[in-house]
Amino acid sequence: GPISPRINGEASAPQVTCGEIVNNNLQLAIAYWYAPAKAAEFNLHSERLTVRILEAFEKAGIPLAPAK
């Protein structure tokens, strides 16, 4: 289904936190709720969300460090 800011009809905004800056790199942590908590569906949602985030950074011209 679509990525939505609502869980069971209630607003549930994601939270983004910034870690420390090391060697000019900023680490971001993104936490969000997903319901119902079914592993296969969550994994698909997580993959779709990650791709959307990466596309947004690319479109904005923000370079990302390679995954470790």
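Reader: What percentage of the contacts in the chain with a separation of 6 or more is accounted for by residues 24 or more positions apart?

Author: This is a predicted model, in which local features need pLDDT of at least 70 and side-chain atom pairs count only at pLDDT 80 or more, while totals for chains, interfaces and linings use all residues. Residues are numbered from 1 along each chain as its sequence is written, and side-chain values use heavy atoms, with hydrogens and water left out. A contact means heavy atoms within 4.5 Å. Among the contacts in the chain with a separation of 6 or more, the share from residues 24 or more positions apart is 25%.

Reader: In what order do the elements of the chain run from the N terminus on?

Author: Helices (H or I, at least four residues) and strands (E, at least two) are taken as DSSP runs and numbered from the N terminus. Read from the N terminus on, the order is β-β-β-β-α.

Reader: Where does Ser12 lie, and is Ser12 buried or exposed?

Author: Ser12 lies in the loop between β2 (10-11) and β3. Residues with under 20% relative accessible area are called buried, those with over 50% exposed, and those in between partly exposed (1.4 Å probe, protein chains only). Buried residues make up 4% of the 68 residues in the chain. Because its relative accessibility is 18%, Ser12 counts as buried.

Reader: Why does β3 lie largely in the open?

Author: Strand β3 spans residues 15-22, and it pairs with β4 in the antiparallel sense over six bridges, where pairing requires that DSSP finds at least two bridges between two strands. β3 lies largely in the open because, of its eight residues, the number buried is zero.

Reader: Which residue in the hairpin of β3 and β4 takes a positive phi?

Author: Val22 stands opposite Asn25 in β4, and the hairpin has two residues between the strands. The residue there with a positive phi, near 50°, is Asn23.

Reader: Which element gives the most to the nonpolar patch?

Author: The nonpolar surface patch, of about 460 Å², is made by Val16, Ile21, Leu26, Leu28 and Ile30, and the elements that give two or more residues to it are β3 (15-22) and β4 (25-31). Ile30 is found in strand β4 and is partly exposed, with a relative accessible area of 39%. With three residues, the element that gives the most is β4.

Reader: Which residues does Glu41 touch, not counting residues up to four places away in sequence?

Author: Glu41 lies in helix α1, and at 38% relative accessibility it counts as partly exposed. Leaving aside residues up to four places away in sequence, Glu41 touches Tyr34 and Pro36.

Note on methods
Patch = residues over 30% accessible without salt bridge, like charges linked within 9 Å, V, L, I, M, F, W, Y side chains within 5 Å. Areas by Shrake-Rupley, 256 points an atom, 1.4 Å probe, with all protein chains shown as cover. Salt bridge = Lys/Arg side-chain N within 4 Å of Asp/Glu carboxyl O.
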